[in-house]
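Please read them with the sequence and the coordinates open.

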Amino acid sequence: MMNIAIIGVGLIGGSVAMKLKEKKFCDQVFGVDKSDANLTKALQIGFIDQKATLEEALEKCKVIILTAPVDAIITLAPKLLDLVKDQVIIDMGSTKLNILQLISEHPNRGRYVAAHPMAGTEYSGPEAALPNLFKDKMMVYVEAFKSDEDAFELTDSITEQLEMRTSFMTAEEHDTHTAYVSHISHLTSFALALTVLEKEKSQGRIFELAGSGFESTVRLAKSSPDMWTPIFKQNRVNVLEVLEENIKQLQALKDAIQNENYTQLHKLIKKSNKIKRIIK
């Protein structure tokens, strides 16, 4: 039994805390957040036991889990490593390359474990937390070989409690792959929402026709800008690359329709159906 601190008591942090408390993996969970309202709500929900400052969390907890927005993690990580002794810092942010480059030469680098749970919803805040959010999802370990053995093993035991599968990547691989399978999905959803909202100005009844297809496609547009703007900023190069490819594919579909080349349009749609090999 040990104390665990959650830095950022929103969807991811709250879901981690809920599961670990359910499994009785830890003694107490301390919450750290810039928003006192979020901490109060987390206490009311019950997935943290106490509010804490960073200094109190380091003093009282063996494990510090970073689930704040990635721009906050970039600020917090070096500060925490300056103060850490035998504690384990687990970074669960959505981008890795910039932060791991920043701390690469830190003398306490071994106490830091970079891990990204590939799970989430379009909702944010303490109320969004779910105890089974991570079940059967993928936990990506990034540059795990740079973490101390005991730090990694403790992190992996938490991953087991969350009932997740595991994968290992370099920081470059992680940020590239997440741009293609996660970040572009959000950008596309934001763009679709903006498109329809713009049309709504002149055609106010457009949402009367919105069915399940529209809802599932635009669902991610409800995601928090406070979370996603820093992600796009930190993964800018890869995001721009995937956007270029996405625009290229949209242009190909537009050209086929504009030129009334329905044979080509059929081919493009059929080619896209191959995604069924990946998503059942």
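Contact is taken here as heavy atoms within 4.5 Å. The model is predicted, so that local features need pLDDT of at least 70 and side-chain atom pairs count only at pLDDT 80 or more, while totals for chains, interfaces and linings use all residues. Residues are numbered from 1 along each chain as its sequence is written, and side-chain values use heavy atoms, with hydrogens and water left out.

1. D33 is found in the loop between β2 (29-32) and α2 (36-45), where helices (H or I, at least four residues) and strands (E, at least two) are DSSP runs numbered from the N terminus. Not counting residues up to four places away in sequence, D33 touches G8, V9, N38 and L39. A polar atom of the D33 side chain lies 3.0 Å from the backbone nitrogen of V9, and a polar atom of that side chain lies 2.8 Å from the backbone nitrogen of S35.

2. The structure holds 14 salt bridges. One of them joins E163 to K19, with the closest N and O atoms 3.5 Å apart, and this pair links distant parts of the chain, since E163 lies in the loop between α6 (149-161) and β8 (165-169) and K19 in helix α1 (residues 11-22), 144 residues apart. K19 counts as buried at 4% relative accessibility, whereas E163, at 24%, counts as partly exposed.

3. D36 forms a salt bridge with K51, the closest N and O atoms being 3.0 Å apart. Because D36 lies in helix α2 and K51 in strand β3 (residues 50-51), the pair ties together parts that are 15 residues apart in sequence. D36 counts as partly exposed at 47% relative accessibility, and K51 counts as partly exposed at 32%.

4. K222 and E122 form a salt bridge whose closest N and O atoms are 3.7 Å apart. K222 lies in the loop between α8 (212-218) and α9 (225-234) and E122 in the loop between β6 (112-118) and β7 (138-142), so this pair ties together parts that are 100 residues apart in sequence. E122 counts as buried, at 7% relative accessibility. Elsewhere, salt bridges that share partners join K19, E22, K23, K135 and E163 into one network.

5. At the start of α9, a side-chain oxygen of S224 reaches to within 3.1 Å of the backbone nitrogen of D226. The buried residues of this helix are W228, P230, I231, F232 and Q234.

6. Two backbone angles deserve a look. Most residues other than glycine have a negative phi. Phi of K24, however, is near 55°; K24 is found in the loop between α1 and β2 and is exposed, with a relative accessible area of 63%. Phi of E143 is also near 55°, but E143, in the loop between β7 and α6, is buried, with a relative accessible area of 12%.

Note on methods
Polar contact = N/O pair within 3.5 Å; in protein donor to acceptor, adjacent residues only side chain to side chain. Salt bridge = Lys/Arg side-chain N within 4 Å of Asp/Glu carboxyl O. Buried < 20%, exposed > 50% of the residue type's maximum accessible area, 1.4 Å probe, protein only.
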